[in-house]
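Please look through the sequence and the structure shown here before reading the briefing that follows.

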Amino acid sequence: MPRAIVEVRDLHKSFTRGSETIDVLQGLTLDVGEGEFLALMGPSGSGKTTLLNLIAGLDRPTAGTISVGENVISDMSESELARWRTRHVGFVFQFYYLLPVLTAYENVELPLLLLPLTKEQRRKQVETALDLVGLTNRMDHRPGQLSGGQQQRVGIARAMVTDPTLIVADEPTGDLDTKSADEILRLMEILRAQLNKTIIMVTHDPKAAARAQRILHLEKGQLVLDTAAVGV
Amino acid sequence: MYGIPQEMGPVGFDPSIFLLSGYLLGMLVGLISLALVVGLVTLPLFFFVLFLIEQVSRVVAGTTGAFVSKLVLIMFRGLRRSPLRTSLTYLALFVLTTVLVFLYTILTFIGNVTAEKEANFKAIVTHKTVIPSQIKPGYYNQFKDLVLNGLPPDMRPVNGENDIMSWSFVGGSTDPINKRPDNALFMFCMEPQKITTMMDGLDDLTGDEKRIIDDGIEKMLANKQAIVVSQSRLKKLNVRVGQKIKLYGLNYPDMIFEFEIVGSLPDGKYEGVGFMNKDYLDQLLKTMPADYLMQDKALNLIWVRLPNKMAFERLSAMVDDPKNFNSPPIKMETASSGIGSWMEAYKDIFFGMKYILTPAMVGIMCLVIANAISIGVRERRTEMAVLKVLGFQPRHVMALVLGEAVLVGLLAGGMAAFLSWFGIGNLKMQIAFFGAFIVPWQALVYGPALGVGVAFLGSLGPALSAKNVRVAEVFARVA
């Protein structure tokens with residue numbers, strides 16, 4: 001495996017619901033190599049989305065450490081995490097979550113607004129990202145004017161526009177038809193192969209998982225199987 | 001008010017407090033309804049202005065590319081997302097600002113008329129104990145003599161006799177049988193030449209307005225029976241300038257006045273009333289029997305303009321001296337305190353307007369805004385979470401929510417204040433015999449500030465809730 005860019009050590013995450021404490025992750029340890037495409041699978045409630053959120057810095061662990069690149073993100077404050085996410089993580093959501101009042105161009109530009117870039121630099125990066133997902137001719141369209149597959153492609157452009165260390169995707173094909181899902185997975189493969197992006201994808205779909213290099217199976221908050229994907 | 005004839009004013013227990021309360025309540029309901037209608041009518045204008053400003057911010061954002069300008073642009077776009085909610089927020093703020101601008105105008109108006117002037121202030125002489133004040137007509141000359149000869153020279157009025165004015169109120173009806181409000185005429189009976197020099201609210205006349213009044217005064221001086229009447233009253237009486245009318249006295253029973261209407265008053269000046277020559281009343285009184293009930297009551301009050309407070313205090317002592325005036329005794333007070341005494345009866349209403357109604361309305365509107373904005377925040381919770389995921393700081397998310405509300409508040413407050421200022425200013429409404437009732441220009445500043453303030457306060461809670469959105473929770477719920 002190439003040099004680990006994500007290092008998870010003895011990770012615990014608990015939630016309290018009323019008087020009950022639910023241990024979602026129980027001492028999970030994991031390495032993800034640089035430029036690796038990893039799929040997380042498991043039944044509902046197994047903790048895969050929680051793990052993804054923790055690695056992406058959207059939540060803080062109850063115990064254990066998470067390092068991404070040089071940064072120990074489990075020790076960061078909320079505002080430090082926000083700044084770190086802007087530079088180092090790109091997100092792809094199942095339901096795209098594009099801002100409906102902004103055009104495709106403006107949606108992709110959003111994360112760049114937080115970086116010290118000139119207007120021209122931003123424009124160049126947005127156009128490059130949209131070109132990569134094949135939507136330069138749709139950049140002035142609002143999300144409502146795009147198909148599901150196109151919206152997800154905009155979502156991918158938004159995730160990669162900042163040239164992040166890591167791309168996390170939560171069920172990126174869950175809301176798409178087979179053809180669109182295939183296009184999205186192909187795009188993710190391109191991101192990994194051509195741009196050496198590290199991708200962690202949560203999915204329920206074995207076909208989608210088969211496009212990854214490695215599949216991790218989670219159950220009850222623990223890693224039960226770590227295999228190389230069949231399709232690779 | 002001082003000297004208003006009994007038929008036209010309260011005696012003893014003042015039932016007008018209930019009338020006024022009812023009038024104010026009715027006015028408030030009417031004003032809210034009117035503001036609501038105007039708000040609805042101006043909704044397209046609001047969205048048009050919103051659109052224009054958005055285009056400007058779009059250009060600014062496109063040109064500068066600055067983060068703040070992009071954030072403002074997102075705020076504008078957010079407002080267009082739910083036109084119904086934006087409209088309701090606008091309407092609530094529009095109505096609130098309109099009503100409060102109106103209340104502010106009334107309170108400012110009252111503040112102005114009751115404010116003491118440091119120098120060159122006016123004083124009123126009235127009956128010492130009886131309201132409405134009715135005193136002997138002979139007191140007028142006696143008082144003038146006291147002022148012009150009894151006061152030390154440096155304390156005398158700067159313009160001599162021209163700074164002293166008598167007022168008698170004459171009310172009558174053009175119909176001797178059916179005396180109704182629409183055929184009644186209320187007049188200030190005084191020396192015509194003092195209309196422009198002593199009456200309040202006539203110091204801002206335009207050239208044409210001054211010519212109209214001067215022309216009327218000249219005719220009144222030449223003809224004792226000549227009168228000038230406001231245009232609105234002429235219309236109500238269905239008479240015109242040049243016509244002769246008979247007025248059957250209301251507070252001067254059995255007295256029939258024969259007037260010639262020689263002119264009208266400029267718009268917004270002493271609406272609903274008229275001016276007649278004092279000499280004509282004196283002449284008619286002479287024709288009445290010596291025991292006629294108004295013979296010793298035909299003077300209601302005397303005005304005097306003094307150079308300073310010392311002169312006022314000196315003259316006040318002389319007026320209080322029973323050697324000068326004892327039957328009936330009279331008193332002198334500054335005009336503002338005189339008006340203030342009259343308003344004393346209504347102080348609870350004014351207090352209520354200022355310290356209960358206004359805060360209550362602001363509080364209610366804050367809750368209305370809070371409700372509207374929090375619905376928006378709940379609907380867009382996921383969107384707020386996505387912004388945070390992308391790296392937006394909690395303060396950015398908070399600014400977006402506050403900014404949208406504040407933009408609506410600014411526009412709604414600004415439009416309400418402007419329309420009130422423009423609309424009420426042109427209506428030339430009048431309270432009692434004061435000059436035209438206008439919205440102070442300061443309302444153009446306070447209106448938008450109020451809109452912004454209420455929108456800010458109302459949206460603060462929802463904005464804090466948006467700021468504290470926990471990303472993982474939001475997506476866990478969505479999944």
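Predicted model: local features only at pLDDT ≥ 70, side-chain atom pairs only at ≥ 80, totals over all residues.

Helices (H or I, at least four residues) and strands (E, at least two) are DSSP runs, numbered from the N terminus. Residues are numbered from 1 along each chain as its sequence is written, chains are lettered from A and ligands numbered from 1 in the order in which they are written, and side-chain values use heavy atoms, with hydrogens and water left out.

**A nonpolar surface patch**

- Phe418(B), Trp421(B), Phe422(B), Trp441(B), Val445(B) and Tyr446(B) make a nonpolar surface patch of about 670 Å².
- The elements that give two or more residues to this nonpolar patch are α14 (394–427) and α15 (443–467) of chain B, and α14(B) gives the most, with three residues.
- Patches are made of residues with over 30% relative accessible area and no salt bridge, where like charges are joined within 9 Å and nonpolar side chains (Val, Leu, Ile, Met, Phe, Trp, Tyr) within 5 Å; the accessible areas come from the Shrake-Rupley method with a 1.4 Å probe, and for residues only the protein chains shown count as cover.
- Val445(B) has a relative accessible area of 48% and is therefore partly exposed, given that buried means under 20% relative accessible area, exposed over 50%, and partly exposed in between (1.4 Å probe, protein chains only).

**How helices pack**

- Helix α12 (residues 347–379) of chain B packs against α15(B) at an angle of about 40°, with the two axes 8 Å apart; axes are lines fitted to C-alpha atoms, for helices over the stretch in contact, and angles run from 0 to 180 degrees between N-to-C directions.
- That angle makes α12(B) oblique to α15(B), since angles under 35 degrees count as roughly parallel, over 145 as roughly antiparallel, 65 to 115 as roughly perpendicular and the rest as oblique.
- α12(B) passes α15(B) in a right-handed crossing, where a crossing is left-handed if the near helix is turned anticlockwise from the far one by less than a right angle, and right-handed if clockwise.
- Between α5(B) and α10(B) the packing angle is about 135°, with their axes 11 Å apart, which means that α5(B) is oblique to α10(B), and their crossing is right-handed.

**Salt bridges**

- Side chains of opposite charge can pair when their charged atoms come close.
- A salt bridge is a side-chain nitrogen of Lys or Arg within 4 Å of a carboxyl oxygen of Asp or Glu, and by this rule the count comes to 33 salt bridges over all chains.
- Arg3(A) forms one with Glu34(A), the closest N and O atoms being 3.3 Å apart.
- Arg3(A) lies in the segment before β1 (4–17) of chain A and Glu34(A) in the loop between β2 (20–33) and β3 (37–41) of chain A, so the pair ties together parts that are 31 residues apart in sequence.
- Asp320(B) forms a salt bridge with Lys128(B), with the closest N and O atoms 3.6 Å apart.
- This pair links distant parts of the chain, with Asp320(B) in helix α10 (residues 309–320) of chain B and Lys128(B) in the loop between β1 (121–127) and α5 (139–150) of chain B, 192 residues apart.
- Arg211(B) and Asp208(B) meet through their side chains in a salt bridge of 2.2 Å, N to O, and both lie in helix α7 (residues 207–222) of chain B, three residues apart, about one turn of the helix.
- Salt bridges that share partners join Lys13(A), Asp59(A), Arg470(B) and Glu473(B) into one network.

**Backbone details**

- Most residues other than glycine have a negative phi, and most peptide bonds are trans.
- A cis peptide bond, with omega about 0°, joins Ser327(B) and Pro328(B), and Pro328(B) lies in the loop between α10 and β9 (330–334) of chain B.
- Tyr97(A), which is not a glycine, has a positive phi near 50° and is found in the loop between β6 (89–92) and α3 (104–109) of chain A, where Tyr97(A) counts as buried at 16% relative accessibility.
- Lys220(A) also has a positive phi of about 50° although it is not a glycine, and Lys220(A) counts as exposed at 70% relative accessibility.
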